[in-house]
Amino acid sequence: MTGIEHGSNDAPWREEIDRRVEGRKRRFRGRDHVMITAREITEVKHHRTHLTPVVAVDVIAQGGVVPLDDPNVHLRNACGYLVACCGNSPFLSVDRVNPAFPPHNGGKVHRIVTVARGGIDRDAARAQSATRQLVRERKNITYNHRTSVAAERIEGSRTIGESHRARRCFETEILAAGSLCIMNEQSPQTMIGTSSTVTVPLDADRSYAVRYESLRDLPEILDDVGLRTGKCVVVTDENVGAQYRSPVRTTLTSAGWTPHVITVPAGEATKSAAHLQNLYDDILGWGIDRDTPVIALGGGVVGDLAGFAAATLLRGVPVVQCPTSLIAHVDSALGGKTGINHETGKNLIGAFHQPRVVVADMDTLGTLPQREWTSGMAEVIKHAVIADGELFSFLEEHLVDLMTGRNRERVHQMIPRAAAVKANIVAEDETESGRRAILNFGHTFAHAIESVAGYGMFTHGEAVAIGMRAALYLSAREHPDTVPRDRIDYVLRAIPLKHEPADLDWPAVRRAMQSDKKNKAGTVRFVLLDRLGDAYVTGDVSDAALEQAWQFATTT
């Protein structure tokens with residue numbers, strides 16, 4: 001390989017690379033990473049060379065001969081270690097990497113991550129396709145959580161240090177690269193107990209089930225819970241309706257129902273008085289009685305809006321929740337909270353109105369955009385952190401598989417287990433007069449973020465992830481010996497953020513907290529952890545501590 005020569009022009013090209021690096025810094029799991037290709041480095045140097053394209057990220061070095069080239073070394077010094085993109089190159093030798101480019105942590109490089117030539121920033125789809133093809137062609141590729149994170153099986157692969165540290169480096173690389181092919185798991189799987197049905201046990205015969213069945217079975221399920229055939233209202237949004245409106249209507253009609261389908265705009269802005277009024281007008285104009293069920297077909301916004309309409313129309317009609325987002329599957333479709341937003345704050349107008357049944361067809365999650373999936377994972381993590389340490393260990397063990405949503409078996413283990421946390425807490429405290437408040441872990445910050453940023457800039461899950469990091473900081477500050485801050489924070493950082501929370505005005509966020517519905521007697525209340533799996537509510541948090549928590553959650 002031809003190296004790049006040095007001379008009097010060293011400083012200008014280095015300055016240009018530095019400028020590009022600084023301009024392209026992005027936040028990924030709380031750290032800066034930079035995407036840049038070797039083609040650009042060559043152009044900057046005005047010297048033709050045969051460099052392999054690289055992507056610079058904040059992880060351990062990758063590649064073979066790549067680190068030998070001075071521009072790559074300079075990039076390493078500027079913004080972290082390198083991942084080789086060698087879609088058309090021979091597989092690289094680890095033995096050539098370690099002497100040339102030793103990692104800063106004193107260990108040895110023992111992983112090869114292969115993506116597409118040309119750079120991830122140039123063609124992410126091509127990178128994913130090339131990686132999948134290479135994985136299929138190489139029979140010896142493994143991904144062993146317990147003893148190695150090697151894309152190639154290499155003896156002594158734990159020389160990097162503790163196995164969990166090595167695994168985390170590899171997970172960072174995979175997520176940063178956008179590769180969804182993840183290596184085959186060769187180690188014994190961690191299993192968690194799950195059920196095909198989760199029950200929300202309430203008094204006075206109001207208990208109901210979360211049934212993990214197909215939407216095709218909706219008529220039979222309605223019959224099972226005592227809803228007679230006749231009129232029904234189906235509320236969905238434009239995105240979900242495009243996929244499921246027609247088949248659900250056909251299924252209901254074939255079983256003797258007369259469905260009236262109402263499609264509302266997608267997005268948090270739909271949880272408003274204006275859209276609720278439109279819903280009232282449409283439903284009352286069509287004509288219903290107190291036995292007419294409202295079927296909420298969609299994510300959290302549809303569930304909240306349609307549920308509140310059902311709670312208030314004719315002083316209450318039955319509601320059936322059919323969640324289609326991860327956040328609705330594990331959280332918002334259960335528990336009976338319904339409502340709309342007000343310009344003063346989020347969810348300030350609403351009612352408790354429990355569904356007759358929740359029909360959770362997990363196949364609907366297959367069409368969920370990746371950003372919506374990772375947003376929903378924030379609520380899964382929340383449930384694990386506040387009440388289920390075993391679930392949290394499962395998330396740690398299989399973080400990449402679950403964060404990408406590509407391992408069906410593990411996803412189907414995770415969802416009922418996370419939903420069971422919500423169900424059990426609701427059974428103890430249906431109307432949030434006590435223990436149920438812990439489900440708001442991270443939400444005091446989150447609702448303020450959404451209010452200040454404007455609904456839609458951050459998804460609810462993204463705002464919750466930021467809020468949980470702040471609440472985690474406060475928790476570890478109060479209980480440093482029992483709250484494993486770094487361990488929990490690592491998982492929370494796996495939620496990618498599209499926008500920078502640090503750009504928000506902290507005083508405005510702090511003021512927005514004063515309108516939080518959990519407040520009592522003017523005191524802002526926060527949910528904190530005293531250990532993993534155990535949470536409590538407190539109002540004893542100083543403004544100085546809040547600002548420090550905000551800085552931790554948005555700048556580290």
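I started with strand 5 and strand 6 (residues 208-211), which pair in the antiparallel sense over four bridges. Pairing here needs at least two DSSP bridges between two strands. Strands are DSSP runs of E with at least two residues, helices runs of H or I with at least four, numbered from the N terminus. I found Arg 211 of strand 6 as the bridge partner of Thr 197.

This is a predicted model: local features need pLDDT of at least 70, side-chain atom pairs pLDDT 80 or more, while totals for chains, interfaces and linings use all residues. Residues are numbered from 1 along each chain as its sequence is written, and side-chain values use heavy atoms, without hydrogens and water.

I then traced the whole sheet: it is open, with seven strands in the order 5-6-13-10-9-7-8 and mixed pairing. Strand 5 (197-200) and strand 8 (258-264) are the edges, each with a single partner strand, so one side of each lacks a neighbour in the sheet.

Next I checked helix 17 (residues 460-478) against helix 18 (residues 485-492). Their axes are 10 Å apart, at an angle of about 180 degrees. Axes are lines fitted to C-alpha atoms, for helices over the stretch in contact, and angles run from 0 to 180 degrees between N-to-C directions. The pair is therefore roughly antiparallel (over 145 degrees).

Last, I looked up Phe 441. Where does Phe 441 sit? I found it in the loop between helix 15 (408-428) and helix 16 (443-453).

Methods: Angles under 35 degrees count as roughly parallel, over 145 as roughly antiparallel, 65 to 115 as roughly perpendicular and the rest as oblique.
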